[in-house]
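Hi,

Here is the structure I promised to pass on. Have a look at it first, and then read on for what turned up.

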Amino acid sequence: MSVKIGNIDLGEFPLLLAPMEDVSDPPFRFVCKQSGVDMMYTEFISSEGLIRDAAKSRAKLDIFEYERPIGIQIFGSEIDHMREATEIATLAGPDLMDINYGCPVKQVACKGAGSALLQDIDKMVKMTEAVVKATHLPVTVKTRLGWDDNTKNVEEVAERLQDIGIQALTIHGRTRAQLYKGEADWTLIREIKRNPRIKIPIFGNGDVDSIQKAADWRLEYEIDGIMIGRAAIGYPWIFREIRHFFNTGKTLAGPTIQERVSVCRTHFEKSIAWKGPRVGIFEMRRHYANYFKGLPDFKPYRMLLVKEENIDTIHSILDEVAHKYRNIEPVGEMA
Ligand SMILES: Cc1cc2nc3c(=O)[nH]c(=O)nc-3n(C[C@H](O)[C@H](O)[C@H](O)COP(=O)(O)O)c2cc1C
């Protein structure tokens, strides 16, 4: 059965790219889209930043036709500011708006935004209601299990936010206190799915990094779709591999070295086009090691790539990588 958010038809069991600050920008989203992701989100955007018209926040509103369906994610601590930010973001023309109630980092949570709202559900409900009323677009929410082990209140969150009109909920199977440590626990996510009151799609998130896990957890936790973050970094093929397995029951061979180089190159070119050469070259540096994970003795190439400032030379190094590793077998799913 197709999963729907408002009028957006995501097909059966959609695979979503997680919003990731400094990662899920347009260049990275381009390569994920090429790999068949079903829906994507922007990096989170500060409501305060949007209202102040800060350049960094405004740049994050950049979305492209080929990216659809795409959601803009916002966060904040002030209800009025979230309302205003929603109006601004809606004008950028996304397919939906998403609210971040999951971010655990101090700079966000200690200012009363992100996961901090898990400590004040009444305020979270009011804030969400303000966002729902401020846009004609569907509103979705991304959150965690709760603030800490003693306050896993996501069941209440799911019911109350559905009641005031959110149209899908993504749950990261960790508490705020866990940050990114330990293992994600999806059992509570299944409880929410099984709650007969809950009608909106529930997406599971946290630690999916292989075809097997996606297939097992789909059955075990009964969710409507899966959101993937870290495992897609340097490995956007994870989306096509999981989709292929769901469609055929067969495991697709991992990318060849030529594909790795080609997708890395695309990511690089898109970074330069969107960010300009200086920032594009600089910010691409964090991605090389991920694209070539598992290749023996890759370090010298990485060292060259992360120091190089000339676009043509970077392309030449990538040519060399393709040549040097041409006889290496595809490393396979999530090497
Ligand atoms: C570098 C990084 C940046 C992130 N930024 C955001 C963000 O902007 N908004 C958000 O809702 N979650 C953010 N997250 C959390 C992810 O969306 C996701 O919930 C988390 O990584 C767990 O999923 P995974 O195990 O598939 O990575 C971020 C995570 C990482 C690693």
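A quick definition before the helices: axes here are lines fitted to C-alpha atoms, for helices over the stretch in contact, and angles run from 0 to 180 degrees between N-to-C directions. Also keep in mind that this is a predicted model.

With that in hand, take helix H11 (residues 257–275) and helix H12 (residues 277–284): they pack at an angle of about 140 degrees, and their axes are 7 Å apart. The crossing of these two, H11 and H12, is right-handed. On the H11 side, the contact is made by His267, Phe268, Ser271, Ile272 and Lys275. H12 brings in Pro277, Val279, Gly280, Ile281, Glu283 and Met284. By type, the residues of the H11–H12 contact split into 6 nonpolar, 3 polar and 2 charged.

The other helix pair to look at is H14 (residues 299–307) with H15 (residues 311–324). Their packing angle is about 165 degrees, with the axes 10 Å apart. Angles over 145 degrees count as roughly antiparallel, and H14 and H15 are therefore roughly antiparallel to each other. H14 passes H15 in a left-handed crossing. Tyr301, Leu304 and Leu305 of H14 make the contact with Ile314, Ile317 and Val321 of H15. What kinds of residue make up the contact of H14 with H15? They divide into 6 nonpolar, no polar and no charged.

Now the sheet. It is an open one, formed by 8 strands with parallel pairing, and the order is E3-E10-E9-E8-E7-E6-E5-E4. At the edges you will find strand E3 (15–17) and strand E4 (40–46), each of which pairs on one side only. On average, and ignoring direction, neighbouring strands of this sheet are turned by 25 degrees against each other.

Last, the ligand. Which residues come nearest to the ligand? Of the 21 residues around it, those are Ala18, Met20, Phe44, Gly229 and Arg230. The shell as a whole divides into 9 nonpolar, 7 polar and 5 charged residues.

Cheers

Definitions and conventions:
Residues are numbered from 1 along each chain as its sequence is written. This is a predicted model: local features need pLDDT of at least 70, side-chain atom pairs count only at pLDDT 80 or more; totals for chains, interfaces and linings use all residues. Two strands pair if DSSP finds at least two bridges between them. Helices (H or I, at least four residues) and strands (E, at least two) are DSSP runs, numbered from the N terminus. A residue is near a molecule or strand if its C-beta atom, placed from the backbone, lies within 6 Å of it. Ala, Val, Leu, Ile, Met, Phe, Trp, Tyr, Cys and Pro count as nonpolar, Asp, Glu, Lys and Arg as charged, and the others, Gly among them, as polar. Angles under 35 degrees count as roughly parallel, over 145 as roughly antiparallel, 65 to 115 as roughly perpendicular and the rest as oblique. A crossing is left-handed if the near helix is turned anticlockwise from the far one by less than a right angle, and right-handed if clockwise. Two residues are in contact if their C-beta atoms, placed from the backbone, lie within 7 Å.
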